[in-house]
Every structure is written in C-alpha cells, then in structure tokens.
Amino acid sequence: MKKIYTIQVAGVTRELPIVQVNDNLCIASFVILGDTELVCATAPEIVKRLPEVDILVTAEAKGIPLVFEMSRLLKMPKYIVARKSIKPYMNSPIIDEVVSITTQKKQLLCLDEQDAAYIKGKKVAIIDDVISTGDSIQAMERIVESSGGIVAAKAAILAEGEAANRKDIIFLEYLPLFEIE
Ligand SMILES: O=P(O)(O)OC[C@H]1O[C@H](OP(=O)(O)OP(=O)(O)O)[C@H](O)[C@@H]1O
Ligand SMILES: Nc1ncnc2[nH]cnc12
C-alpha cells in the first residue's frame, strides 16, 4: 500500500499521509488546520460556486478556518460553529450526534441557543473540509433545520469516496478511499 496520496486543489499541491481508520479502510489524511495557503486558495473557489446565502455554518474543528476565510470574502460579519461538546457557557444548546469516518464513534454536535436564534429564517450554507460518509453534514443539516434555518447549500473542499457521486453537494476535488485487502 502506498504511504502518500498527492492531491492538487485550487492550484495547491499537498502530499497526504495514508492512515488506517479501521480494519478494512485507510484514508488520505487531509488536515487544513494551520494550512493558511490551502485555506486561502480553496475558500474563494467554494464561494464562487455557492448560491446566495445569509450565513455559513460548520462543525468544529477542521471546518473553522475555511468558514472564517469564506465569510471574510463574502463580507459576512459572522459565521456559526457547531461544537462537539457542551460548554458551560452555552445556553439550552440544540444537541445531535455524529459518527464521522475519521472518528468512528459517536461525537456530540451542539449549537448554542443564541446561534440557533441567529440562523432562524435564514438561508444557510453548510460548509465542511471533507464530506465522506455524509454523516457530519447530515447532522449539521438536522441542527440547522431544528433551528428554523433553510439549508440552501452544502459544500466542502473535497468529496471522499462515494460522496463524489452526490448531486446535492458542492466540492472542488475527489479524494479516494483505500480499502485494505
Ligand atoms: O462525512 P463524514 O464521514 O462525517 O466525514 C467528514 C467529517 O470528518 C472530519 O471531521 P472529524 O470527525 O475528523 O473531526 P475534526 O474536524 O474535529 O477533526 C471532517 O472535518 C468532516 O467534518
Ligand atoms: N481524508 C480525510 N482527512 C481528514 N478528515 C477527514 N474527514 C473525512 N475524511 C477525511
């Protein structure tokens, strides 16, 4: 099995380490945290493809730098982050659960009451770095809908594995999964 997968996205090339996530599967690890060059190259490409929306929503952690840069380009004064644990400073959070391909166990997804109120009645773009099983984006969709938001777009830098066949998401490039024989 190869140890590195090379990806080109928005004119940037990255060598991604291939890591095992369970007995049968490896992924090419795409970590945008700290990668200013990649975030700043990909954010305008996603912005170009978005319909008109009022607010961007992501889940911590890896989606955060991307929505920051996208909201800045869109001249939006804020963006919304669903957290993966309940913090003492949250009031009556909306709570859901998610199992992503990297984590493979249940994680919480929580949205503070104030953020939920901000989303209510607004056109929302749900943004993530990668869409793979789709579980994370689906949990965010449920949270946005329970807050009274209207999901107008779902977008990511990469679609991994079968997610690349989805017609309901916006993405820039395909990322393969690596099955172990
Ligand atoms: O489509 P899915 O199978 O749900 O996978 C996609 C999700 O997995 C990763 O998050 P991760 O669980 O690694 O959390 P992190 O961003 O907090 O590191 C990624 O940032 C997406 O949110
Ligand atoms: N290949 C990948 N690298 C990092 N996070 C991910 N989440 C889903 N697929 C991923």
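Select ligand 1 to begin: the space that it takes is the largest pocket. A pocket here is an open set of points on a 1 Å grid over the protein atoms alone, with protein on both sides within 12 Å along at least five of seven lines. The model is predicted; local features need pLDDT of at least 70, side-chain atom pairs count only at pLDDT 80 or more, and totals for chains, interfaces and linings use all residues. Residues are numbered from 1 along each chain as its sequence is written, chains are lettered from A and ligands numbered from 1 in the order written, and side-chain values use heavy atoms, without hydrogens and water.

Next, display the 18 residues around ligand 1, of which S100, T102, D129, T133 and S136 come nearest; a residue belongs here if one of its heavy atoms lies within 4 Å. This shell comprises 4 nonpolar, 8 polar and 6 charged residues, with Asp, Glu, Lys and Arg counted as charged and Gly among the polar.

Colour by secondary structure (DSSP runs: helices of at least four residues, strands of at least two). β8 (123-131) and α4 (135-146) each supply at least two shell residues, and β8 gives the most, with 4 residues.

Now inspect the polar contacts, pairs of N or O atoms within 3.5 Å. Oxygen atoms of ligand 1 lie 2.5 Å from a side-chain N or O atom of D129, 2.8 Å from a polar side-chain atom of K84 and 2.9 Å from a polar backbone atom of G134. Taken alone, ligand 1 exposes 500 Å², of which the protein buries 89% (Shrake-Rupley method, 1.4 Å probe).

How values were computed:
A polar contact is a pair of N or O atoms within 3.5 Å; within protein, one must be able to donate a hydrogen and the other to accept it, and residues adjacent in sequence count only if both atoms are side-chain atoms. On a 1 Å grid over the protein atoms alone, a cavity is a set of points where a 1.4 Å probe fits but cannot get out, and a pocket is an open set with protein on both sides within 12 Å along at least five of seven lines; lining residues have an atom within 4 Å of a point. A molecule sits in a cavity or pocket if more than half of its atoms lie within 2 Å of its grid points.
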